[in-house]
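Q: Could you take a close look at one part of this protein for me? I'd like the surroundings as well as the part itself.

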Amino acid sequence: MSGTSERHEDPIRVLIVDDEPGLVETLAVAVTEAGWRPYSAADGESALLTARGCAPHAVVLDGMLPGLDGVQVLRRLRYENPRLPVLMLTARDALEHRIDGLTAGADDYVTKPFSLEEVVLRLRGLLRRAGVEDAKGDEPVLAVGDLILVERTREAHRDGTPIELTAKEFDLLWLLMSHPRQVLSKAQILDHVWSSSFDASGNLVEAYISNLRKKIDKGRAPMIRTLRRMGYTIRPAQEGR
C-alpha cells in the first residue's frame, strides 16, 4: 500500500506525549475533533514504544518528561524517522529547552499555557508541509506565538480571543506574520500592502502599526516591535526584545 492511499483510508495518527493526564486528555479531545486519531504516552520510554507501534504522522511532545526528557525523545524519534513532524510543548520560562528542542530538530513549539486552537492549527500546518494532510481540507493559516490569522475568513485570534481588524490592518498583519522576526522597512510595507512606495501623508505606516498595537498588544506582552530607522517586526511575546 502506498503512502498516498494510506492517508485517504486511515485517520491521521497524532501521538501526544506529556506527563499531565488532564492536559493529555484535553489535547486528545482536540485532536479527535480535528478528525485525527490520538495516541498518548506519559514518559519518554513509553513514547518511543508507542511511536514504534502506532507509526504516528505527527507528535506533540512535552519538553520536560520524567526519565528521558523531551529533547532525548526527540533525538531518538528523529533517528528512527527523520521526517516525522514534531511540535514541542514548553514552559513559558524554559527558553533553554526551546532552543535545545529546535536544535534537536523540533519543527515548531508552543508555550504553556496555550490555546487548543493554536495547537491544532500548528499541527495542521506541520501535517500539510509534510504532505500528510490533503491541502483541500486545509486553509492558509499563519501563527506567531499565540497570534493566529486565517486567510479565507480573514479572522484573527490572540490566545483564543477574537480580534477585529480592518482590511488593510489584516493585510499589514499578514505581511508581518509571513516574515516573523524579519525587519520590514516602511518602503517594503507600503509596496506590499498599498502597492506603492510613496507615502503622501508621511505617517501612514506608523498610523496602521499604532492601530495594530492597540488591538494586538493591548493588555498583553507586546509582539510588534519598532527598530528605529530600520522598520518593524513581529515575534512571539515570550522571546522578549
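Q: Which residues of H7 are buried, and what covers them?

A: Keep in mind that this is a predicted model. Let's start with the overall setting: the protein has 241 residues, and 45% of them count as buried. Its secondary structure comes to 9 helices and 11 strands. Among contacts with a separation of 6 or more, 55% are between residues 24 or more positions apart.

Now to the helix. H7 runs over residues 167-178, which makes 12 residues. From first C-alpha to last, H7 reaches 16 Å, close to the 16 Å expected at 1.5 Å a residue. The buried residues of H7 are Glu169, Phe170, Leu172, Leu173, Trp174, Leu175, Leu176 and Met177. As for what lies over them, the cover includes four strands by name: E6 (141-144), E7 (147-150), E8 (155-158) and E11 (231-234). Helices H8 (186-193) and H9 (204-216) are also part of that cover.

UniProt, in an unreviewed entry, lists Asp62 for "modified residue: 4-aspartylphosphate". In the model Asp62 has a relative accessible area of 5%, so Asp62 counts as buried. Leaving aside residues up to four places away in sequence, Asp62 touches Val17, Asp18, Asp19, Gly70, Met88, Leu89 and Lys112.

Methods. Residues numbered from 1 in each chain as written. Predicted model: local features only at pLDDT ≥ 70, side-chain atom pairs only at ≥ 80, totals over all residues. Heavy atoms only, no water. Helix = DSSP H or I, 4+ residues; strand = E, 2+ residues; numbered from the N terminus. Buried < 20%, exposed > 50% of the residue type's maximum accessible area, 1.4 Å probe, protein only. Contact = heavy atoms within 4.5 Å. UniProt positions renumbered as here; feature names shortened; annotations may be inferred. Expected span 1.5 Å × (residues − 1).
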